[in-house]
Every structure is written in structure tokens, then in C-alpha cells.
Amino acid sequence: MAALQALFGGTFDPIHYGHLNTVEALARQVGLHQVTLLPNNVPPHRPQPEASAAQRVAMVELAIANRPLFNLDTRELMRQTPSWTVETLEQLRLERGETQPLAFIIGQDSLLSLHKWHRWQELLDLCHLLVCQRPGYERTMPTPELQNWLTQHHTQQASALHQQPCGLIWLADTPLLPVSATDIRQRYRHNLSCDDLLPAPVIDYINHQGLYRP
């Protein structure tokens with residue numbers, strides 16, 4: 001069976017170390033060799049990005065230039081409709097084949113609200129879910145039914161993720177990095193330094209483009 005491949009969606013407005021370092025730690029835990037970044041165009045659950053699609057792609061390209069784990073897929077930016085994860089996964093599953101082990105990376109905050117996602121119950125028919133911790137979020141699901149669903153699919157065997165194409169949930173022991181794109185945009189508005197939160201080429205690009213300024 002082919003090696004486990006993972007997908008990581010987000011607005012990346014901007015991409016930062018909370019994304020990059022967390023996913024690299026996850027990759028070491030479960031043996032990932034490839035993570036595809038999927039920037040959203042019209043995120044259904046949150047406000048629209050401040051940076052344009054082209055600017056967000058440029059920042060991702062700069063951030064991953066020296067990080068061989070990552071590659072970039074811009075298919076969601078081609079859509080003018082909401083970026084429903086399940087539809088993207090259906091496309092990728094068709095392209096990569098029924099037997100390819102495929103995982104989608106989310107944060108603990110997304111896991112807790114997953115039951116509000118479009119066709120959420122079909123996600124595990126298409127992929128595994130790899131869940132990264134987020135500071136300040138509960139570790140248990142909001143209802144007993146959802147907790148039972150999590151328990152049913154939860155695995156503590158990383159090898160199992162490589163041995164079947166979909167259907168499992170891995171709760172990763174990733175570092176709790178208190179970095180968010182919202183905080184970074186606020187810091188820029190108040191002319192505060194973000195030097196330790198973003199790769200230097202991304203900082204240079206933000207400054208050159210005049211992004212996130214008041």
C-alpha cells in the first residue's frame with residue numbers, strides 16, 4: 001500500500017509557525033512524508049480572508065520553500081463557491097485512488113464543531129482525521145453521541161493509518177503553540193513585532209505588500 005498522504009486546509013491569512021511547526025511535529029509522530037496545503041477561497045465557517053488569494057498563495061510558497069514535507073494545491077482557490085472539505089476530498093480520492101491512505105489534518109477546535117460541517121458524516125469514508133491540539137479547547141466532544149462516534153473511530157496505533165485508506169481518527173500530541181493568524185493580524189494593526197511567529201520571507205512579503213495595516 002502507498003505511503004500515507006495528508007492534506008491541510010486553511011485560509012493561511014497569513015501562514016505562520018503555528019501551522020508549520022505543528023504539522024511537522026505531527027508528521028514525525030505518524031510518519032508522514034507529504035502534506036498538501038489547501039488554501040481556502042470562500043471558507044464557509046469564518047470571515048473572508050483579508051489578503052487576496054494570490055497573496056495567500058505567495059505567502060504559502062515562501063513559507064514552504066525550504067520545507068520539503070509540504071506541497072501546495074490551489075484547487076479550492078479556483079472555486080467561487082464555498083470550500084466544502086468533503087467535495088475536495090471526493091476529488092482527491094478519485095485522483096489518488098481508492099486504496100491510497102489519505103488523511104485530513106484539523107485542529108481540536110474543528111473537531112469539536114465537526115458536526116456542523118457540510119456532510120460531515122461522510123468525511124471518514126474518504127480519509128482519516130489527524131487532530132492537532134489547540135490551546136484552550138476541550139478534549140471531549142460536546143455530546144455523548146459525538147463522543148461515542150470519536151471513541152469508535154479513535155486509534156492509538158500510527159501504523160493503522162498507513163494500513164487502510166480511511167476511517168480512523170488520530171489525536172495528536174502536538175505542541176500547544178499559542179499562535180493564531182487573528183493575533184498576527186492584530187499585532188500588525190498595532191505595529192507590534194511578529195518576528196518569532198512567521199518565517200522571515202513571509203514577514204518581508206507582508207511588509208512589502210503593506211498587508212494587515214490599519
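**Note on the predicted model: sheet and helix packing**

1. Helix H3 (residues 85-96) lies across E1, E2 and E4. H3 runs at about 155° to E4. The model is predicted.

2. The sheet itself is open and has 6 strands, in the order E3-E2-E1-E4-E5-E6. The pairing is parallel. Strand E3 (70-72) and strand E6 (169-171) each have a single partner strand, so one side of each has no neighbour in the sheet. From one strand to the next, the twist averages 30°.

3. Threonine 36 stands opposite asparagine 71 in E3.

4. Helix H1 (residues 17-30) also packs on the sheet. H1 touches strand E1 (5-10), E2, E3, strand E4 (102-107), strand E5 (128-132) and E6. The direction of H1 makes about 125° with that of E5.

5. Next, a helix pair. H2 (residues 53-64) and H9 (residues 200-209) pack with their axes 8 Å apart, at an angle of about 155°. The angle is over 145°, so H2 is roughly antiparallel to H9. H2 contributes Ala54, Gln55, Ala58, Met59, Leu62 and Ala63 to the contact. H9 contributes Pro201, Val202, Tyr205, Ile206 and Gln209. By class, the contact residues are 9 nonpolar, 2 polar and no charged.

6. Helix H8 (residues 181-189) has Ala181, Ile184, Arg185 and Tyr188 as its buried residues. They span an arc of only 100° around the axis, so they sit on the same side of H8. H9 is included in what covers them. Asparagine 191 follows H8 and has a positive phi, near 55°.

Key: Residues numbered from 1 in each chain as written. Predicted model: local features only at pLDDT ≥ 70, side-chain atom pairs only at ≥ 80, totals over all residues. Heavy atoms only, no water. Axes fitted to C-alpha atoms, helices over the stretch in contact; angles between N-to-C directions. Helix = DSSP H or I, 4+ residues; strand = E, 2+ residues; numbered from the N terminus. Parallel < 35°, antiparallel > 145°, perpendicular 65-115°, else oblique. Contact = heavy atoms within 4.5 Å. Nonpolar A, V, L, I, M, F, W, Y, C, P; charged D, E, K, R; others polar. Buried < 20%, exposed > 50% of the residue type's maximum accessible area, 1.4 Å probe, protein only. Arc of directions from axis to C-beta. Pairing = 2+ DSSP bridges.
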